Amino acid sequence: MPSFDSLFNAFVTILVTIDPPGLAPLFLAVTRGMNREERQQVSVRASVIGFLVMALFAIAGASILSVFGITLPAFRVAGGFLLFFIAFEMVFERRQDRKEKIGDVAITRDMIHNIAAFPLAIPLIAGPGAISATVLLSGHFEGFSAQAALVGIIAICLVLTYLVFVLAERIDRILGQTGRSILTRLLGVILAALAVQFVADGVRALMAA
């Protein structure tokens with residue numbers, strides 16, 4: 001069984017790479033136009049999917065990537081491109097345009113499920129950074145009990161992420177429509193910069209390999 005210091009370091013590492021406080025405003029942006037019940041569904045589904053993905057990589061991450069011949073830098077580049085696409089839609093409000101064109105039926109069950117899976121669960125919660133950290137930590141957590149402890153740490157981090165999403169609804173009511181519009185564009189720019197950083201880090205690592 002890993003020591004307390006190892007467990008605590010793993011908890012801090014995973015929590016920081018997931019960054020629940022940083023995800024709260026992004027959650028508000030990508031769920032714009034949804035009511036409280038719909039956001040609740042998105043938050044639960046995104047947290048569960050994020051946990052399952054990270055738990056899978058905690059147990060067999062290195063093996064999965066090696067089977068497909070995928071390196072962590074390549075995964076980081078792909079995640080960066082996906083994030084940039086979402087950022088583009090946020091800045092230019094393409095999502096809002098689509099909602100206006102198809103009226104009240106814009107937010108469907110499929111849309112809720114899709115947003116929960118992408119971009120919230122992947123790549124924002126279980127993103128390149130979090131998955132990379134999980135795979136690297138798994139190398140120090142060998143054996144059934146150690147892997148179970150690592151999965152438990154991931155579960156705690158995802159519960160905290162879910163709680164942050166729940167509190168984000170109150171923030172949404174305070175912001176109002178104008179505040180949400182400004183926040184969406186601002187976060188879109190920030191997310192675009194984050195995406196470029198992911199791609200740059202991945203390309204740098206690929207060139208150094």
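Tutor: Let us begin with Phe4, which is exposed because its relative accessible area of 64% lies over the 50% cut-off. Bear in mind throughout that this is a predicted model.

Student: What makes Phe8 partly exposed?

Tutor: Phe8, which lies in helix α1 (residues 4-18), has a relative accessible area of 43%. Buried would require a value under 20% and exposed one over 50%, so Phe8 falls in between and counts as partly exposed.

Student: Which residues make the nonpolar surface patch?

Tutor: Phe4, Phe8, Val12 and Val16 make a nonpolar surface patch of about 420 Å².

Student: What are the centre distance and plane angle of Phe27 and Phe165?

Tutor: Phe27 and Phe165 have 4.4 Å from centre to centre and 15° between the planes, and they too form a stacked pair. This pair links distant parts of the chain, since Phe27 is in helix α2 and Phe165 in helix α8, 138 residues apart.

Student: Are Phe27 and Phe165 buried or exposed?

Tutor: The limit for a buried residue is under 20%. Phe27 has 0% relative accessibility and so counts as buried, while Phe165, with a relative accessible area of 1%, is buried as well.

Student: Why is helix α2 described as largely enclosed by the rest of the structure?

Tutor: Helix α2 (residues 20-30) has 11 residues, and eight of them are buried, so the helix is largely enclosed by the rest of the structure. The buried residues are Pro20, Leu23, Ala24, Leu26, Phe27, Leu28, Ala29 and Val30.

Student: Which residues touch the most other members of the largest nonpolar core?

Tutor: This core has 51 residues, of which Ile14, Ile18, Val42, Met54, Leu120 and Leu191 touch the most other members. At least two residues each are supplied by α1, α2, α3, α4 (72-92), α6 (109-125), α7 (128-138) and α8, and α8 gives the most to the core, with 14 residues. Leaving aside neighbours within four places in sequence, the contacts of Ile18 include Leu23, Met54, Leu124 and Cys157.

Student: Why does Phe57 count as buried?

Tutor: Phe57 is placed in helix α3 (residues 36-67) and has 10% relative accessibility, which is under the 20% limit, so Phe57 counts as buried. Beyond its neighbours within four places in sequence, Phe57 is in contact with Leu65, Ile131, Thr134, Val135 and Ser138.

Student: What makes Arg204 and Asp201 a salt bridge?

Tutor: The closest N and O atoms of Arg204 and Asp201 are 3.0 Å apart, and the rule asks for a side-chain nitrogen within 4 Å of a carboxyl oxygen, so Arg204 and Asp201 form a salt bridge. By this rule the count comes to one salt bridge. Both residues lie in helix α8 (residues 144-208), three residues apart, about one turn of the helix. Asp201 counts as partly exposed because its relative accessibility is 25%, which lies between the limits of 20% and 50%.

Student: Where do cis peptide bonds occur?

Tutor: The bond from Phe118 to Pro119 is cis, with omega near 15°, and a cis peptide bond also joins Ile122 and Pro123, with omega about 10°. Pro119 lies in helix α6, and Pro123 is found in helix α6 too.

Student: Why is the phi of Asp19 worth noting?

Tutor: Most residues other than glycine have a negative phi. Asp19, although it is not a glycine, has a positive phi of about 55°, and its place is in the loop between α1 and α2. With a relative accessible area of 37%, Asp19 is partly exposed.

Methods: Residues are numbered from 1 along each chain as its sequence is written. This is a predicted model: local features need pLDDT of at least 70, side-chain atom pairs count only at pLDDT 80 or more; totals for chains, interfaces and linings use all residues. Side-chain values use heavy atoms; hydrogens and water are left out. Patches are made of residues with over 30% relative accessible area and no salt bridge: like charges are joined within 9 Å, nonpolar side chains (Val, Leu, Ile, Met, Phe, Trp, Tyr) within 5 Å. Accessible areas come from the Shrake-Rupley method with a 1.4 Å probe; for residues, only the protein chains shown count as cover. Helices (H or I, at least four residues) and strands (E, at least two) are DSSP runs, numbered from the N terminus. Buried means under 20% relative accessible area, exposed over 50%, partly exposed in between (1.4 Å probe, protein chains only). Rings of Phe, Tyr and Trp (its six-membered ring) pair if their centres lie within 6.5 Å; planes under 30 degrees apart count as stacked, over 60 as edge-to-face and the rest as tilted. Contact means heavy atoms within 4.5 Å. A nonpolar core is a set of buried Ala, Val, Leu, Ile, Met, Phe, Trp, Tyr and Cys residues joined through side-chain atoms within 4.5 Å.
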